[in-house]
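The sequence and the structure come next.

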Amino acid sequence: MIRTAKTENGWVRGMEGADPRITAFKGIPFAAPPVGGNRWRAPQPCQNWEGIRDAFRFGPIAVQDTPGLGDDIYCREWHVDPDIAMDEDCLYLNVYTGAKTPAERQPVMVWIYGGALQWGYPAEMEFDGERLARRGVVVVTVNYRLNVFGFLAHPELTGQQPDAPTNFGSLDQQAGILWVIRNIQAFGGDPDNITIAGQSAGGGSVLSQMACPRNAGLFQKAVVMSGMIRSPYGADPIVFHQPLSEAEQNGKDFFAFLGVSTLEEARALDALYIRDQYAKYVQAAPRMTTVIDHQFCVDEPLKQFLEGKCVDVPVMAGNTRDEFPGFLPIGEGQSLEEAARSALGSYSEAFLKMPEAVQPDADGGYGRVNGIECTIKGIFGRRKDSGSARDYYYYRFEPDIPGWDQPGCFHSVDLWFFFETLAKCWRPFTGKHYDLARQMCNYWTNFIKTGDPNGVDADGTPMPEWAPYTAEQPAEMVFTTDGARPVRGQERPFVRLISDVIIDRIREDAF
């Protein structure tokens, strides 16, 4: 087993996992602490250390609202520890490896967690990389700056550091990928076989990394889970990318809210004070997320992907059945026809001929649809139509999820399954759920290894075939309580229509 490894900055000592064949290295610094003069700067080089550094515990989580204080579903699910260490000094990553020697060169997955770019951390218990490492994948989970610390823009920043004026959290992710390329062979990983993967805002971050021109050649595959978030009915997406000028004005407004007038004064403030003031500020102002700064982010990443301007790699993407449902908004005194014309323009006539549009569902909503599913299928189909040689794999997650809260297939619940960490969850999962998780983790690791999710199950029998998605031959893998179920053939007309709506809006940059 690899229990010690030499990084570019010094030796680290890991600890055996619950499975002693796996070594977990936790809290390895990959950049200098982003404090003082390094606050709101691109990540700076890490300092060397003497001797062997124990890598037994996760590094502090990025500054954010204290987790685990509420009773919402995510506090019940995994944000369970209000006392978890938190610090502005947060640029640490973690490595899980089952390699016995550095010469094994196992495929690598770099994981980027979600949380709307405001919250989240690699120490969340569902992100335990042991089960993937047992399958021959080196797993790296990267911490990065969030919220105002990760995505502030301000004219002073643009003037002083024009090459990296904002998107510091995205640059942290990028620095983590570059660290992996330089160092992962010491942990038995292959720097030439890297998959970047993420969920929710982590999936959006994967798209942002794909769309960054500087990242060509840094990774070979990508997984975007619940990250292509678009609504067919609203003008504004859930996740948006602000133009630099708008983001700079937001930064100026926040400095005024803080009572400071210069960057130097803001950098001198206590980090937790800034966090608490930011929480008050965003009650009436936009949160700080990815900025189109024409340095790291040159355009809306989904548009870049649609137009073939992203890093050209195979992609796996999908969604859970019940997350972010879209409904046609009908204003007071408005008819269904008027609402359709207002929201869908030239598509309204075709929309009103669909049963899904004119017959309300159980909640009384019209035109219920999963915008993530439609966005993924629309982009995948058009990428293949334009001649892309890459394969794109679509999945939908829709098993029964147990629990007194009757949660449905809520946003993020599939993480327990892809990481095969159900045993850590409080929910009364049964054998069928564990069988499904084994299959999903198998598909995932196969894709990470080769770019093709297909292969055999633990008993050596072939798993159901998962074909790539194309417009001419739609194919999807549906994850159900009874296991993986491939579906191939004609796409549902309503999904195809809504995909067309979303694609046109991406092309027109209406978002």
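Ser-348 touches Ala-340 and Arg-341, when residues up to four places away in sequence are not counted. The model that shows these contacts is a predicted one. Ser-348 belongs to helix α12, which covers residues 348-351. Is Ser-348 buried or exposed? Its relative accessible area is 8%, under the 20% cut-off, so Ser-348 counts as buried.

**Other single residues**

Asp-172 sits in helix α5, residues 168-183. Its relative accessibility is 0%, so Asp-172 counts as buried. Which residues does Asp-172 contact, leaving aside its neighbours within four places in sequence? They are Phe-30, Pro-43, Leu-91, Val-142, Asn-143, Tyr-144 and Arg-145. For one of these, Leu-91, the separation from Asp-172 is 81 residues in sequence, while the C-alpha atoms of the two are 7.5 Å apart in space.

Leu-302 is placed in helix α10. With a relative accessibility of 3%, Leu-302 is also a residue that counts as buried. Apart from residues up to four places away in sequence, Leu-302 touches Leu-207, Met-228, Arg-230, Thr-375, Ile-379 and Ile-506. Ile-28 is 274 residues from Leu-302 in sequence, and the distance between their C-alpha atoms is 32 Å.

Ala-103 lies in a loop, the one between β6 (92-97) and β7 (106-112). Its relative accessible area is 63%, over the 50% cut-off, so Ala-103 counts as exposed. Thr-141 is 38 residues away from Ala-103 in sequence and 22 Å away in space, from C-alpha to C-alpha.

**Backbone angles**

Most residues other than glycine have a negative phi. Asn-147 has a phi near 50°, which is a positive value in a residue other than glycine. Asn-147 is part of helix α3, residues 147-151, and is buried, with a relative accessible area of 5%. Ser-412 has a positive phi too, near 95°, and is again a residue other than glycine. Ser-412 is located in the loop between β16 (392-397) and α15 (415-418). At 6% relative accessibility, Ser-412 counts as buried.

**Pockets**

Rolling a probe the size of a water molecule over the atoms shows where empty space is left.

| Pocket | Volume |
|---|---|
| Largest pocket | about 830 Å³ |
| Second largest pocket | about 360 Å³ |

The largest pocket is lined by 49 residues, and the closest to its centre are Gly-114, Gly-115, Ala-116, Trp-119 and Ser-200. Which helix gives the largest share of this lining? That helix is α6, with 5 residues. Helices α1 (73-77), α6 (201-211) and α10 (301-306) each supply at least two residues of the lining of the largest pocket. By type, the lining residues of the largest pocket are 22 nonpolar, 20 polar and 7 charged.

The lining of the second largest pocket is made up of 20 residues, and those nearest its centre are Arg-368, Val-369, Asn-370, Glu-373 and Arg-492. Strand β15 (369-370) and helix α17 (493-508) each supply at least two residues of this lining. How many of the residues lining the second largest pocket are charged? The number is 10, with 5 nonpolar and 5 polar residues beside them.

**The whole chain**

The protein has 17 helices and 18 strands. Its C-alpha atoms fill a box of roughly 70 × 65 × 50 Å, taken along the principal axes. For 511 residues, a compact globule would have a radius of gyration near 24 Å; the protein has 23 Å, so the two values agree.

Of the 511 residues, 58% count as buried. Among contacts between residues at least 6 apart in sequence, 74% join residues at least 24 apart.

Methods:
Residues are numbered from 1 along each chain as its sequence is written. This is a predicted model: local features need pLDDT of at least 70, side-chain atom pairs count only at pLDDT 80 or more; totals for chains, interfaces and linings use all residues. Side-chain values use heavy atoms; hydrogens and water are left out. On a 1 Å grid over the protein atoms alone, a cavity is a set of points where a 1.4 Å probe fits but cannot get out, and a pocket is an open set with protein on both sides within 12 Å along at least five of seven lines; lining residues have an atom within 4 Å of a point. Grid points are joined across faces, edges and corners, and a volume is the space filled by probe spheres set on the points. Helices (H or I, at least four residues) and strands (E, at least two) are DSSP runs, numbered from the N terminus. Ala, Val, Leu, Ile, Met, Phe, Trp, Tyr, Cys and Pro count as nonpolar, Asp, Glu, Lys and Arg as charged, and the others, Gly among them, as polar. The radius of gyration is taken over C-alpha atoms; the globule rule is 2.2 Å times the number of residues to the power 0.38. Buried means under 20% relative accessible area, exposed over 50%, partly exposed in between (1.4 Å probe, protein chains only). Contact means heavy atoms within 4.5 Å.
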